[in-house]
Amino acid sequence: MREFFLPKKDYRVVFFIGKGGVGKTTSSAAAAVALADRGYKTLIVSLDPAHNLGDVLMEKLSDKPKKIAENLYASELDMEKLIKSYLKHLEENLKHMYRYLTVINLEKYFEVLSFSPGIEEYATLEAVKEILMKGDEWDVIVFDTPPTGLTLRVLALPRISLIWTDKLIEIRRAILERRAAIANIHGEQEFVVEGERIKLPTKEEEDPVMKELKAYRKEVAFVESVLTDPDKTSVVAVMNPEMLPLYETERAYESLKKFRIPFNMIVMNKVFELKGKVPELKAKLEAQERVLREVSEKFKGVDIVKIPIFPEEPRGVERLRELGGAIIGER
Amino acid sequence: MPKRVLENIRAFLKGFAESFKHNSTEYLEFELRELENVFALTLMGEFVGIPSPPTTLVIRLLPHMTRELYVMQRRAVEMDDILGELAGMFEIT
């Protein structure tokens, strides 16, 4: 069995990435089935808004993990629902606190927020974070992801969030230092709004903003530490023997390298193998040959597994089992 | 009578100390207000087209940001008077 599927430290996280339509869902489901078969308690989660994990497993899934077979649990995250309920909850909290702030029309703000660029990535990251924080419940967590672009952005987010948070902590510290200096001379400072007196916090421990910033930093740093740990995370790229998926896989490889996220394997899906000669398919086979050659040259040190094209799509646990064995490697 | 004088002197000294205290923190207070303004503006930058920090973080911080938002709002209202405030602080008349 390939060692980057084995849980080394507590649990193993495997991301299946790739262009749309190359067979990420099937491959990830197959790998999950095979891992569960070998006795690892496995959770497979679909982060793709266009859900088809349920179709592949032939089960109806929800955002709660559902038992599919011995050791195998599956769930589908509903991003839209997640974003909506998240914003709704916060809007109510905020409305209560900011009723006097008329300049900032919160209702409009939230309307904009739910469509703001990046909200989907952040919601996905939040969901991934929640699953990772409860990672100890599982041996292996397999993520079936949305097409490459979105996934790469999600994987890049922890690093970017850390940069932002550090910057904000810096400004916050400057604010608190000045407040403390003023309080030293004038005594405790108060802030009166609508007759309510609020004491201005001057210490890092008593400032709720600083506390929130630090809590957030800790959470993001945790996700980052899991994602960049080769003993915990592995990324499997799924592609077809065609030029466009090849380019996309190359780009993914480069950006993952930049964010120090381990890239371990390529599943070359839907490979054509003909016994006889079919002149009509000659050009197609040659193109495929070229891609296969390039892949083995370009991705040195990365495992490559060829999966032949099946006459029928493999669906259901039984049929996924064999395919999964090929992906994770036989015992 | 001397009691009155003493009281006056005391009041004068107190006023003097107060004004001294005020002068010494004037710059600090200005700086603090600006920082609070910048902090809020950074978080709410989407309004004015500044790239924003992670949305989740913004949303988590908002409930604690009453003061900073208030400062930012005041700043927006008194926008044209920043020069006046600076001039006053540096005693340019």
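Here is a friendly set of questions and answers about a predicted two-chain model.

User: What should I know about the numbering and the model before we start?

Analyst: Residues are numbered from 1 along each chain as its sequence is written, and chains are lettered from A and ligands numbered from 1 in the order in which they are written. The model is predicted, so local features need pLDDT of at least 70 and side-chain atom pairs count only at pLDDT 80 or more, while totals for chains, interfaces and linings use all residues; side-chain values use heavy atoms, with hydrogens and water left out.

User: What is the secondary structure of chain A?

Analyst: Chain A has ten helices and ten strands. Helices (H or I, at least four residues) and strands (E, at least two) are DSSP runs, numbered from the N terminus. The C-alpha atoms of this chain fill a box of roughly 90 × 40 × 40 Å, taken along the principal axes.

User: What makes β2 and β5 of chain A a pair?

Analyst: Two strands pair if DSSP finds at least two bridges between them. Five bridges join β2 (residues 42-46) to β5 (residues 140-144) in chain A, so the pair meets the rule. These strands run parallel, and Ile44(A) has Val142(A) as its bridge partner. Both strands belong to an open sheet of eight strands in the order β3-β4-β2-β5-β1-β8-β9-β10 (chain A), with mixed pairing.

User: Why are β3 and β10 of chain A called edge strands?

Analyst: Each of them, β3 (66-69) and β10 (303-308), pairs on one side only.

User: Why is Val235(A) called buried?

Analyst: Buried means under 20% relative accessible area, exposed over 50%, and partly exposed in between (1.4 Å probe, protein chains only). Val235(A) has 0%, so the residue counts as buried. Val235(A) sits in strand β8 (residues 233-239) of chain A. Its contacts (heavy atoms within 4.5 Å) beyond four places in sequence include Phe15(A), Ile17(A) and Leu256(A).

User: What makes Arg67(B) a buried residue?

Analyst: Its relative accessible area is 17%, so Arg67(B) is buried. This arginine is found in helix α3 of chain B. Among the residues that Arg67(B) touches are Arg179(A) and Phe191(A) from chain A, and Leu32(B) from chain B.

User: What makes Lys129(A) and Glu219(A) a salt bridge?

Analyst: A salt bridge is a side-chain nitrogen of Lys or Arg within 4 Å of a carboxyl oxygen of Asp or Glu. The closest N and O atoms of Lys129(A) and Glu219(A) are 2.6 Å apart, so the pair qualifies. Lys129(A) lies in α5 (residues 119-133) and Glu219(A) in α7 (residues 208-227) of chain A, so the pair ties together parts that are 90 residues apart in sequence. Both Lys129(A) and Glu219(A) are buried.

User: Why does the salt bridge of Arg172(A) and Glu68(B) join two chains?

Analyst: The side chains of Arg172(A) and Glu68(B) meet at 2.7 Å, N to O. Arg172(A) lies in helix α6 (residues 148-186) of chain A and Glu68(B) in helix α3 of chain B, so the pair joins two chains. Arg172(A) is buried at 1% relative accessible area, and Glu68(B) is buried at 2%.

User: How many salt bridges are counted between chain B and chain A?

Analyst: The count is six. One of the contacts between charged side chains is that of Arg179(A) with Glu36(B), a salt bridge at 2.6 Å.
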